Amino acid sequence: MKPYLLFDEETAKMLEGTGASGSLRSSESLLRSSGSGRDYGVLAGAAGGWGNRTPAMQAVRNAYGLRPSEKTANVPAPGEEGDLSRDLNLSVVFEAMAGKDAFLHEVAQQVVPATVFDENVIRFRQEILTDVLHFPRTIRSLYGLASDAVEESLLYRNQNQPNYAQVVTMGEKVQKALGLMERLLNRTEMLAKLLVSSGGTCRSRGLAAFRARVDTMLSDAFLEHANRHVEELRSLAEGGRLVLGSALGPGLKGSGHVLRGILDPSEFSVFGKLSGMSFSRESKATIRLDNIALSRSADELQDAAFVHVLRVIGRLSDELFRFFEILRFETGFYAGCLNLYETLMSLGVPLCLPEIPTDTRSGMQFEQLVDVGLALSNRQCPVSNSLSAPEGRLFVVTGANQGGKSTYLRSIGLAQLFLQCGLFVTAKQFGAPLRDAVFTHFARPEDTGMEHGRLEEELARMDGIVKRMTGNSMLLLNESFATTTERAGARIALELVPPLQAYGVEILYVTHMYEFANGIRSLEIPGTVFLRAERAPDGQRSFRVEKGEPLPTSYGVDLFEKWVGEPRPAQQGESDG
């Protein structure tokens, strides 16, 4: 059984790898199974067990496929994830989602940049998020319970690492393995009670289905059955006896060994007699083990049965641990969303659930969109912007220096990421088609340790992006190719941008290069939208970006006047861009 809170059940099944173990329902029968199985957490030791995992990393890489695959989402390639985070200032978002919880920070880093392009998955998450925002206590309780289960299990596992310098009896091994299983079963009972008490808060498909699966899989009958076996196993660890069934095979050797039951120590007499059965010397059913070879064979048979018991305990413990590990990761995402929501609401930032247009050819439309990173950094709601460009596929943003162009670009990139991970967007209204990936190419500051020049570094980064993108990607360019002369930079950009736009890539380009902007205008490419940062006649910046044709100046003299002094008179035809 899997939580399926990040994906719907159909999608999660599609993502499952071939190594996934059975459901908890199958684990119920394992307690009486006589079949063989592979070693799980308790038996695997330090090298193979889950005690050495980093929980969040393992949760998204285990056999259940929680990390979105290429079929469902585009996970940034190594290096690109860092570029995306740095360019869009995602670290501030991750910190707000995490609070002071390092695990939530890691979950946010894994989920937010992975652009989901399955509309059903996004709507599925939005439904759960709506429940979470209305009933925050439920998701926080689920996350807390799952976290406690994982941390307690890891701590117990680490404290009971095998000491290879000592001989550990089978009884001790059973007792240690049983202690872990008891802890996990206790958390399982707490989960079942929690969901019963919060039943009215599970209205979304995801939470309602999750509760129904828990009710079915972790029923009272299952928990009673499991606890009964725990009592039997506890008696075995305290000196109980195994009841084995066996048949004679070739060469009069035992075969088909089956574990029939476990007898409590109280059922034995002080003389080693089994109450109700005659196992005395006079009994014809008794085989005296006064022969060394026979005694060794009997010990081997008993140890084999012990190993099977340990294997069964380990399989159920491992199944329960994986369940809580995944539940922790999935509820952690929504707990992080809740932290971010409460912070943004306290700052007066507008929030909405974004819309996905039915017409895939539609462009972006938004109202009062703000840069969430800027809001979190400044602890106040920044200036918002609006745009209606259903036909837009290429957006060229020009205008005054320090007029809010880069902030505008980041706000759109963040909104697209939030839309495609199932989050709310910092706007009064936001709608955009789904993109299979969001790529950023922002100008980098001078790096004295670079082996290549800045332009060469820019071109190398762009080459990597072009190789990864498709005709349904989004590309955000911020002052790209401005590290060379305007003529050379404009030429590079004009050779790059039109073909990508024709290929289907949605491009937003913030630039001071008038030669490039004017060149795009002269090409009259369908779907091109020109935007310009506002500047008041007195030089003041409103930090609003509106539709407007590019101008041959970026008003750099305003900054000169502010920081240096009175500007010299501009000569006719001279540009400061």
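Tutor: Two strands pair if DSSP finds at least two bridges between them, and strands here are DSSP runs of E, at least two residues long, numbered from the N terminus, like helices (H or I, at least four residues). This is a predicted model, where local features need pLDDT of at least 70, side-chain atom pairs count only at pLDDT 80 or more, and totals for chains, interfaces and linings use all residues. Residues are numbered from 1 along each chain as its sequence is written, and side-chain values use heavy atoms, with hydrogens and water left out.

Student: How do you know that strand 5 and strand 8 pair?

Tutor: Three bridges join strand 5 (residues 365-369) to strand 8, and the cut-off is at least two, so they count as a pair. In strand 8, F430 is the bridge partner of F366.

Student: What order do the three strands of the open sheet take?

Tutor: The order is 6-5-8, with antiparallel pairing.

Student: What makes strand 6 and strand 8 edge strands?

Tutor: Strand 6 (385-388) and strand 8 (429-431) each pair on one side only.

Student: Why is the contact between R444 and D83 called a salt bridge?

Tutor: The term asks for a side-chain nitrogen of Lys or Arg within 4 Å of a carboxyl oxygen of Asp or Glu. R444 and D83 come to 3.2 Å, N to O, so the pair qualifies. R444 sits in the loop between strand 9 (438-442) and helix 16 (454-468), D83 in helix 5 (residues 80-88), 361 residues apart.

Student: Are R444 and D83 buried or exposed?

Tutor: Both are buried, meaning under 20% relative accessible area; exposed is over 50% and partly exposed lies in between (1.4 Å probe, protein chains only).

Student: What about E127 and R205, which also meet in a salt bridge?

Tutor: Their N to O distance is 2.9 Å. E127 lies in helix 8 (residues 119-134) and R205 in helix 11 (residues 205-217), so this pair ties together parts 78 residues apart in sequence.
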